[in-house]
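Here is a short report on one predicted model. It covers the sheet, the helix packing and a few single residues.

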Amino acid sequence: MSETSAANGRLAVVTGASSGIGAATVRRLRAAGFHVVAGARREDRLRDLAAQTGAHWRRLDVSDAQSVGDFVAALDECAVLVNNAGGALGMERVEEADDEHYARMYEINVLGLVRMTRGLLPLLIASGDGHIVNVGSIAGFEVYPGGAGYTSVKHAVRAVTGTLRLELLGKPVRVTEVDPGLVETEFSRVRFADDAARAQAVYSGMTPLTGDDVAECIAWAVTRPPHVNVDVIVVRPRDQASATQVHRRH
Ligand SMILES: NC(=O)c1ccc[n+]([C@@H]2O[C@H](COP(=O)([O-])OP(=O)(O)OC[C@H]3O[C@@H](n4cnc5c(N)ncnc54)[C@H](OP(=O)(O)O)[C@@H]3O)[C@@H](O)[C@H]2O)c1
């Protein structure tokens, strides 16, 4: 089955599409022949991406139920939902845990994914061949010092994803989780409150994944034949063996 015949003009929604993995996924799914609706909060970014790719876009804040409701109400079809919006805030040890960081991370990574999934499930089922792709992380099955806030929400993403696969058994909806290791995007800038030097140090001396590398995995999963459910894809840089074990050439 070719990518184009698998895409067959079906409509894909990508959240967190204004940068990094999400923007790369919009580009990759457009190239495969999907119609795409891109959602995020930064409208200028989405406008540029739409002009480059022919995707449609709409402002979306997954932490705001009203915004999710408006986004969903504007759609009358959806075959693929890529729940990619998310990220980390801070890296405090538990003894110094910041409640606000934990709450925001849960709102965006977990509740945002649940709201989007709940809202679009009727359209995904009605499509006759729906597919939900949740972008988790190796933080969904590993832990590291200072990472409890982020690892706990990505563990939750994994729990929700597995639950969905059980609950949707018998319905025409596939459920895939894509779990990357280090990817060079705006992720670390966001995590470290725009501290460019600290963000850059995360990738120093090693070759991280790019957003395109992860988008390729997502595109592969959603272009398999309808009876094939790819459960989980774990993808890391060759230079990374675990969340804390990274080979740096300096
Ligand atoms: N980079 C990594 O090393 C890595 C590794 C494993 C997993 N991940 C996961 O990959 C996903 C994408 O991250 P990335 O690396 O591409 O980072 P990124 O470049 O910072 O992109 C994050 C995206 O999420 C969007 N977003 C954040 N809050 C949102 C909200 N409330 N509503 C809607 N969209 C929101 C951002 O757009 P706006 O700010 O415009 O809303 C942005 O488009 C995340 O779930 C992240 O946890 C990343």
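## Conventions

A residue counts as buried under 20% relative accessible area, as exposed over 50%, and as partly exposed in between (1.4 Å probe, protein chains only). The model is predicted: local features need pLDDT of at least 70, side-chain atom pairs count only at pLDDT 80 or more, and totals for chains, interfaces and linings use all residues. Residues are numbered from 1 along each chain as its sequence is written, and side-chain values use heavy atoms, with hydrogens and water left out.

## A loop residue: Asn-84

Helices (H or I, at least four residues) and strands (E, at least two) are DSSP runs, numbered from the N terminus. Asn-84 sits in the loop between E4 and H5. Its relative accessibility is 11%, so Asn-84 counts as buried.

Contact means heavy atoms within 4.5 Å. With neighbours within four places in sequence left aside, Asn-84 is in contact with Thr-15, Gly-16, Ile-21, Gly-22 and Val-135.

## The sheet

Two strands pair if DSSP finds at least two bridges between them. Seven strands build an open sheet with parallel pairing, in the order E3-E2-E1-E4-E5-E6-E7. Strand E3 (56–59) and strand E7 (232–235) are the edges; each has a single partner strand, so one side of each lacks a neighbour in the sheet. Neighbouring strands are turned by 15° against each other on average, direction ignored. For such angles, axes are lines fitted to C-alpha atoms, for helices over the stretch in contact, and values run from 0 to 180 degrees between N-to-C directions.

Strand E1 (residues 11–15) and strand E2 (residues 35–40) run parallel and are joined by five bridges. Leu-11 has His-35 as its bridge partner in E2. Two helices pack on the sheet. Helix H6 (residues 148–167) touches strand E5 (130–135) and strand E6 (173–180), and its direction makes about 160° with that of E6. Helix H9 (residues 211–222) touches strand E4 (80–83), E5, E6 and E7, also with about 160° between its direction and that of E6.

## Strand E6

E5 and E6 run parallel, joined by six bridges. Asn-134 stands opposite Glu-177 in E6. In a regular strand, side chains alternate between the two faces of the sheet. Both faces of E6 are covered. On one side, Val-173, Val-175, Glu-177 and Asp-179 are buried; on the other, Arg-174, Thr-176, Val-178 and Pro-180 are buried. Eight of the eight residues of E6 are buried, so the strand is largely enclosed by the rest of the structure.

## Helix packing around H5

Helix H5 (residues 99–126) packs against H6 at about 15°, with the axes 8 Å apart. H5 and H6 are therefore roughly parallel. Angles under 35 degrees count as roughly parallel, over 145 as roughly antiparallel, 65 to 115 as roughly perpendicular and the rest as oblique. H5 contributes Tyr-102, Met-105, Tyr-106, Asn-109, Val-110, Leu-113, Val-114 and Thr-117 to the contact. From H6 come residues including Ala-148, Tyr-150, Val-153, Val-157 and Leu-164. The contact residues divide into 13 nonpolar, three polar and one charged. Here Ala, Val, Leu, Ile, Met, Phe, Trp, Tyr, Cys and Pro count as nonpolar, Asp, Glu, Lys and Arg as charged, and the others, Gly among them, as polar.

The axes of helix H4 (residues 65–73) and H5 come within 10 Å and cross at roughly 30°. H4 and H5 are therefore roughly parallel as well. Ala-65, Val-68, Phe-71 and Val-72 of H4 meet Arg-115, Met-116, Gly-119 and Leu-120 of H5. By class, that contact has six nonpolar, one polar and one charged residues.

## Single residues to check

Ala-148 belongs to helix H6. Ala-148 is partly exposed, at 26% relative accessible area. Beyond its neighbours within four places in sequence, Ala-148 is in contact with Val-94 and Tyr-102.

Most residues other than glycine have a negative phi. Which value does phi of Asn-8 take? Phi of Asn-8 is near 45°, a positive value. Asn-8 lies in the loop between helix H1 (3–7) and E1, and at 60% relative accessibility Asn-8 counts as exposed. Ala-193 also has a positive phi, about 50°. Ala-193 is in the loop between helix H7 (187–191) and H8, and at 69% relative accessibility Ala-193 counts as exposed.
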